[in-house]
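Subject: Structure handover and findings

Hello,

Here is the structure I promised to pass on. Please open it alongside this message.

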Amino acid sequence: MRRPLNYVYLLRFLRLSWRQNGSAMAALRPSTAPQPQDCSAVTFLRPRNSFLGLSRTSLGITRQIYGSREKLGKFEEAHLRSLGSNKSDPTLRVEASRDSAGLAQEITNNNKLGVNKIEQGLDLFGEMKNRFLSFKRHKYLENSEHFEKLSKAQAPKFMVIACADSRVCPSTILGFQPGDAFMIRNVANLVPPVERPSETNAALEFAVNTLEVENIFVIGHSCCGGIQALMSMPDEIDRSSFIRNWVVVGKKARLSTKAVAANLSFDQQCRHCEKESINQSILNLLTYPWIEERVGKGVLSIHGGYYDFTKCTFEKWTLDYKRSNVDKEGRRVSIKDQAFWC
Ligand SMILES: [Zn+2]
């Protein structure tokens with residue numbers, strides 16, 4: 001006799017599978033590594049439910065596309081059902097009818113949680129709207145001539161390469177204003193060598209050859225989750241992981257760190273690699289012929305920077321590149337103009 005499918009069991013199995021997959025993902029997260037400082041809040045590798053926050057916006061766009069409320073009606077209802085109500089989910093309906101009142105209560109709580117998340121999402125955009133209007137009132141309108149010029153062209157002095165980490169925005173910590181810096185942010189502020197295409201290469205090409213920036217500034221930071229992923233990854237690259245496939249760009253920094261800091265703790269190795277990878281990225285910049293040529297001519301400077309947000313200090317240094325000559329110690333590259341801001 002064919003046994004009816006036990007939906008309660010199925011649902012619990014799916015939840016268990018989800019938790020197990022989640023713990024496998026957690027192995028990639030910085031918080032799994034020992035933390036000497038309060039660095040556990042590394043966020044960029046953590047999945048976020050931004051979908052809820054976008055619900056009203058996406059509906060607004062849908063209205064623009066379809067034009068009429070009538071055409072939108074069924075779509076909107078279905079969309080909201082999928083967001084906020086579990087009543088339409090047959091699996092959950094079966095669970096509620098078969099199991100105890102505790103499960104029914106859980107579903108009710110989930111409904112409340114969904115509503116709360118939507119409300120929080122709206123609050124976030126309400127705050128964002130206020131910030132935008134404040135920017136418009138106090139920056140844009142009070143400097144309308146400057147922004148009118150920017151609307152025609154940009155001529156930034158800096159190309160900045162910084163980490164995507166939410167805590168290290170260069171505009172916030174270094175005060176870059178609109179028009180000051182052409183910027184790309186990626187995981188661990190890495191610059192791949194010229195033979196590895198990526199959006200970072202494209203940004204560099206545009207900034208150097210079209211905008212003709214005078215400075216490239218690679219900025220790293222403390223407690224970098226990308227560097228922790230680089231330092232903790234197995235030697236065999238896992239091609240199925242976008243994160244590992246990207247941070248492996250910094251493998252030379254990882255190797256040199258392990259060579260000179262093997263006796264240090266994992267966290268100390270990471271601190272070392274955070275700076276080592278900046279220098280490796282600076283060297284990788286020289287693999288681009290049009291960058292190397294400009295640096296050699298002295299019309300483009302390359303700088304490194306390190307922001308320690310646990311102490312709020314900033315180190316800055318500049319590449320000293322000798323295109324045709326070597327220094328007394330036989331080096332073509334060295335560091336100059338070091339500074340420590342604290
Ligand atoms: Zn980072």
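Below is what I found, element by element. Please note that this is a predicted model.

The S1 sheet

Start with strand S1, residues 158-163. S1 is mostly covered, with five of its six residues buried. Two strands pair with S1. Strand S2 (181-186) runs parallel to S1, and six bridges join the two.

The annotated site

Which residues does UniProt list for "binding site"? The unreviewed entry gives Cys163, Asp165, His221 and Cys224. These residues span 62 positions in sequence, yet no two of their C-alpha atoms are more than 9.1 Å apart, so they gather at one spot. Keep in mind that UniProt annotations may be inferred rather than shown by experiment.

Two of these residues sit in loops. Asp165 is in the loop between S1 and helix H8 (170-174). Asp165 has 24 other C-beta atoms within 10 Å; the cut-off for buried is 20 or more, so Asp165 counts as buried. Cys224 lies in the loop between S3 and helix H10 (225-232). Cys224 is buried too, with 29 other C-beta atoms within 10 Å.

What does Cys224 contact, leaving aside its neighbours within four places in sequence? The answer is Cys163, Asp165, Ala188 and Glu274. Cys163 and Asp165 are also on the UniProt list.

Positive phi values

Ala188 deserves a look of its own. Its phi is near 75 degrees, a positive value in a residue other than glycine. Ala188 is placed in the loop between S2 and helix H9 (199-210). Is Ala188 buried or exposed? Ala188 has 28 C-beta neighbours inside 10 Å, so it counts as buried.

Glu212 also has a positive phi, at about 55 degrees, and is not a glycine. For Glu212, 12 other C-beta atoms lie within 10 Å; exposed means 12 or fewer, so Glu212 is exposed.

A helix pair

Helix H12 (residues 251-260) packs against helix H13 (residues 266-285). The angle is about 135 degrees, and the axes are 8 Å apart. H12 and H13 are therefore oblique to each other. The crossing of H12 past H13 is right-handed. On the H12 side, the residues that meet H13 are Lys252, Ala253, Arg254, Ser256 and Thr257. On the H13 side they are Gln269, His272, Cys273, Glu276, Ser277 and Gln280.

The S5 and S6 pair

Strand S5 (residues 313-321) and strand S6 are antiparallel, joined by seven bridges. Glu315 has Phe340 in S6 as its bridge partner. How many of the nine residues of S6 (residues 333-341) are buried? The number is zero, so S6 lies largely in the open. S1, by contrast, is mostly covered. When you view either strand, remember a general point. Side chains in a regular strand alternate between the two faces of the sheet.

Best regards

Notes:
Residues are numbered from 1 along each chain as its sequence is written. This is a predicted model: local features need pLDDT of at least 70, side-chain atom pairs count only at pLDDT 80 or more; totals for chains, interfaces and linings use all residues. Helices (H or I, at least four residues) and strands (E, at least two) are DSSP runs, numbered from the N terminus. Two strands pair if DSSP finds at least two bridges between them. Two residues are in contact if their C-beta atoms, placed from the backbone, lie within 7 Å. Axes are lines fitted to C-alpha atoms, for helices over the stretch in contact, and angles run from 0 to 180 degrees between N-to-C directions. Angles under 35 degrees count as roughly parallel, over 145 as roughly antiparallel, 65 to 115 as roughly perpendicular and the rest as oblique. A crossing is left-handed if the near helix is turned anticlockwise from the far one by less than a right angle, and right-handed if clockwise.
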